[in-house]
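This report goes through one protein model, taking its loops, its helices and its core in turn. Please keep the sequence and the structure in view while reading.

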Amino acid sequence: MISCNENKSKVETPSALLTEEQMADVMIDVQIIEHSINYRRGRSQDVKNLKQRAYDTIFSHHGITDSIFIENVNYYNENLPQMKNIMDSVYAYFTAKQAEIRQKK
């Protein structure tokens with residue numbers, strides 16, 4: 001058991017570590033883009049190059065690069081309680097938006 005744990009590489013703290021709140025904000029935007037692309041793909045619309053442009057826009061908006069995003073995803077995936085907090089925030093955001101939409105109907 002000990003030797004198995006020794007071989008497991010530990011993910012280093014990113015040089016530009018996003019806070020849980022910042023990471024949740026980025027993940028919210030990522031989810032919106034992913035759902036938008038999937039919706040368009042389902043309607044047989046061309047999504048070629050859309051994904052890269054969308055991600056570039058997200059990263060620019062948040063002042064990060066794709067490398068910083070990936071490093072932070074890897075970091076938080078190794079720190080599951082924190083990743084759970086982030087994803088709980090993302091879920092709460094969409095739950096609140098869904099409630100707002102229902103109220104307007």
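Where is Ser 44 found? In this model, which is predicted, Ser 44 lies in the loop between helix 2 and helix 3. Its phi is near 60°, a positive value in a residue other than glycine, and Ser 44 is exposed, with a relative accessible area of 70%.

The loop between helix 2 and helix 3 also holds Asn 49, which has a positive phi of about 70° although it is not a glycine.

## Helix 3 and its two sides

Helix 3 covers residues 50–62, and at 1.5 Å a residue its 13 residues should span 18 Å, which agrees with the 18 Å between its end C-alpha atoms. The buried residues of this helix are Leu 50, Ala 54, Tyr 55, Ile 58 and Phe 59. Seen down the axis of helix 3, these buried residues fall within an arc of 160°, so they line one face of the helix. An α-helix has 3.6 residues a turn, so residues three or four places apart point the same way.

On the other side of helix 3, Thr 57 and Ser 60 are exposed, whereas the buried residues are covered by elements that include helix 2 (20–42) and helix 4 (66–78). Just after helix 3, Gly 63 takes a positive phi of about 70°.

## The nonpolar core

The largest nonpolar core has 24 residues, and those with the most contacts inside it are Met 23, Val 26, Ile 64, Phe 69 and Ile 86. Two or more residues are given to this core by each of helix 2, helix 3, helix 4 and helix 5 (80–104), and the largest share, 8 residues, comes from helix 2. In soluble globular proteins, nonpolar side chains tend to be buried together.

When residues up to four places away in sequence are not counted, Met 23 touches Leu 18, Phe 69, Asn 72, Val 73, Tyr 76 and Ile 86.

## Helix 4 against helix 5

Two packed helices are described by the angle between their axes and the distance between the axes. For helix 4 and helix 5, the axes come within 5 Å and cross at roughly 115°; the two helices are therefore roughly perpendicular to each other. On the helix 4 side the contact is made by Val 73, Tyr 75, Tyr 76, Asn 77 and Glu 78, and on the helix 5 side by Leu 80, Gln 82, Met 83 and Ile 86.

Key. Residues numbered from 1 in each chain as written. Predicted model: local features only at pLDDT ≥ 70, side-chain atom pairs only at ≥ 80, totals over all residues. Heavy atoms only, no water. Helix = DSSP H or I, 4+ residues; strand = E, 2+ residues; numbered from the N terminus. Expected span 1.5 Å × (residues − 1). Buried < 20%, exposed > 50% of the residue type's maximum accessible area, 1.4 Å probe, protein only. Arc of directions from axis to C-beta. Contact = heavy atoms within 4.5 Å. Core = buried A, V, L, I, M, F, W, Y, C linked by side-chain atoms within 4.5 Å. Axes fitted to C-alpha atoms, helices over the stretch in contact; angles between N-to-C directions. Parallel < 35°, antiparallel > 145°, perpendicular 65-115°, else oblique.
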